[in-house]
Amino acid sequence: MEKSPLSSFLLLLLIPVLASCVEKQVYVVYFGEHSGEKTQHEIEENHHSYLSSVKESEEEARSSLLYSYKHSINGFAALLTLEEAEKLSGREEVVSVFRSQEYSLHTTRSWEFAGVEKLLNEFNANDKDDLLVKAKFGRDVIVGMLDSGVWPESYSLKDKGLGPIPKGWKGICQTGDQFNTSNCNRKIIGARYYVKGYEKYYGPLNRTQDYRSPRDKDGHGTHTASTVGGRRVHNVAALGGFARGTASGGAPLVRLAIYKVCWPIPKKGKEEGNSCFDADMLAGIDDAIKDGVDVLSISIGSYDATPFSKDSIAIGALHAVKNNIITACSAGNSGPASYSIRNTAPWILTVSASSLDRKFIAAVELGNGETLQGESISPYHLKRKLYPLVRAGQVVNPNVTKDLLDQCMPGSLSPEKAKGKIVFCLRGNGTRVGKGAEVKRAGGVGYILGNNKSLGEDVSVDCHLLPSIAVGYRNATKILKYIDSTKNATAYITPADTVIHGIPAPHMAGFTSVGPSPVSEATLKPDITAPGLNILAAWTEGDSPTKMDVDHRVVKYNFLSGTSMSCPHIAGAAALLRAIHPTWSSAAIRSALMTTAGILNNMGKPITDASGKEANPFLFGSGHFRPSKAADPGLVYDASYEDYLLHLCSIGYNLKNLTRNNSCPKNLPPPHNLNYPSVAIPKLNGTVVVKRTVTHVGSSRSIYFSSVKPPAGISVTISPPILYFNQYGEKKSFTIRVQAESTEGVGESAKNKYRFGWYIWRDSNGTHSVRSPIAVAFS
């Protein structure tokens, strides 16, 4: 009997649905925390039993298991069908089941700019008031790096003069491609790699693209590791001699533990980014907790906003907090759109990116006599004469679509039209280095990269393959106007010079992701900002400075920009504070960094965004980090693991197995009462009373006075307005009454618009100023 056309059509519709049920993907099955009653072998056998309950055979159950998380985190990663995942999700003991999602990396003077002086000797410094001396340069604090690995031969990662590995260290030095146990030392005290989740998604690793070991062939991991804790290396410069000086991490004597979780994306250039999977990252964090790290630095983020219960970084960091480990994470590079920020769990220190006071000044001299400033680190120079100048849209191949005319995408430029010319390309689609490579391929003699409006005056520099310059939006507009005004536009790109003490600095990077949090607006995010624009640090010698296949240059130090670069600055600062205050909680260290951060630039004016407009806490959080002040904050806002669990309850999460009593209490505090160093009220209707508690960590007796700069149209009252402390460690509570003065005339569009303010506690002798930002929107 023949099938009817209708039945055939219905069968075609069902095929994708049926396939999704039988197709196996990597899922994370999360149980919460361990009870402490089982051995690691028993835990793994328990995980096998869950798999056996949904698999057809014991052999299939064991072969499907990728990772058994059995140290701090309780769960496993396995190959499951959708039906199998749903069955496990229905088990009472299971907190959550989620598919292992793909994440990406958020990609010397910075420490001096932040107020950390560069003392000449790491071992014989005598200034007892200096932050580095107080912290013993971070000696014996262990920082775990979740990233793309490490280049262990880097001068910045030598172990000369370092003492024995800390006694509490339990990690290993995992061997693999071009990496053996001798590559670990008293600086890099441990190294591991995690590739199972990646390989189940993409297939076997292409070992010409990366090493199947902790060795870094990308550069990102070496860059972030040396930013946190690189040793002092004199006479360092980028290719071309730029930024010459002494390279150093923030805490040069910390020990580094490497957890390689990010790998190249097949069939894509490495300049386009890496791939990091939930299953691999959760395994790395679980090992890092067991190994004994004090700080975690994670410059990785999800593509999409993910609930905390299905976010491996948030889950792992929550377990880290339980073990008093500080976790610093990058905010993301998807600015300037609101709600673009990532890694916003309140137990994570979320870091945005801002500029230094260092620039690499070059100029475009136009044929009309106008000279426009930009920046460049190109080691190549043009002969001193004017060259034909075109915008990319004038020299493209016929098949290029209108929306990509000026984008200089690969293969878009015509060699016949571009040869011998300086080509102007607009930022937007593609990579900055990819655009430069396309101009070179087409025979261009020079390359101008212009910002679009959203990026403003924020200029990122790259080590291009030809003479080049990057310009901000205003100068890009002027160059395009000149090109369009004449048939014979000409220009010359001047060589660049390194200039420090530039003004205004810092300003916020145009790429930095922006709050509020798309997952929960109950906490103001980001927390803090640090340098992330044009940061020079150590680099892999397994790849070029641009990461492009056509680039065969090898360098030891390289520039990168991104919140990936700002995150390790905060991790390094946290390591210094942990060295000075080893008994402080991770929340106390975060509080110290946040409440002492600065909101003014080096001109004494408010920090601005990339377009020159005044920035707000959804860009910089509490402000630009000042590690030296954070060492002595006066007061701290402390919080515990249990406080974070209670907060999860208050924002609607079902804890299930996360707490031993297996449930949230009936009477929950409002979300804004988490004892956080900032205040966020996303839906103010009438009056809200916020509760906070501060712990005194200053001299034995102190008096603190409150002051307020309220958000526009809102009254803020602190009660009591004065706090008296008699001893170190004493706690005092207060309330913050937030009230709408009037909502009359406030339209619907303005109701959800945030307004910002501050409240500050200052001590009577003027030593301490403890500032907290406020963000309020009407309901």
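1. A search of the whole structure, which is a predicted model, finds 23 aromatic pairs. Rings of Phe, Tyr and Trp (its six-membered ring) are paired if their centres lie within 6.5 Å, with planes under 30 degrees apart counted as stacked, over 60 as edge-to-face and the rest as tilted. One of these pairs joins Tyr67 and Tyr194, which are tilted at 50 degrees between the planes and lie 6.3 Å centre to centre. Tyr67 is buried, with a relative accessible area of 10%, and Tyr194 is likewise buried at 5%; buried here means under 20% relative accessible area, exposed over 50%, and partly exposed in between (1.4 Å probe, protein chains only).

2. A further tilted pair is formed by Tyr198 and Trp263, at 6.2 Å centre to centre and 35 degrees between the planes. This pair links distant parts of the chain, since Tyr198 belongs to helix α7 (residues 196–202) and Trp263 to strand β11 (residues 262–264), 65 residues apart. Helices (H or I, at least four residues) and strands (E, at least two) are DSSP runs, numbered from the N terminus. Both Tyr198 and Trp263 are buried, and they belong to one aromatic cluster together with Tyr193, Tyr201, Tyr202 and Phe277.

3. Lys217 lies over the face of Tyr211, at 5.2 Å from the ring centre, and Arg771 lies over the face of Trp758, at 5.6 Å from the ring centre. The criterion is that NZ of Lys or CZ of Arg is within 6 Å of the ring centre and within 35 degrees of the ring normal.

4. The axes of helix α14 (residues 563–580) and helix α15 (residues 586–595) come within 10 Å and cross at roughly 115 degrees; axes are lines fitted to C-alpha atoms, for helices over the stretch in contact, and angles run from 0 to 180 degrees between N-to-C directions. On the α14 side, Ile570, Ala573, Ala574, Leu577 and Arg578 meet Ser586, Ile589, Ala592 and Leu593 of α15, where contact means heavy atoms within 4.5 Å.

5. All 10 of the 10 residues of α15 are buried, so this helix is largely enclosed by the rest of the structure. The buried residues include Arg590, Ser591 and Thr595.

6. On the basis of these points, residues are numbered from 1 along each chain as its sequence is written. Local features need pLDDT of at least 70 and side-chain atom pairs count only at pLDDT 80 or more, while totals for chains, interfaces and linings use all residues, and side-chain values use heavy atoms, with hydrogens and water left out.
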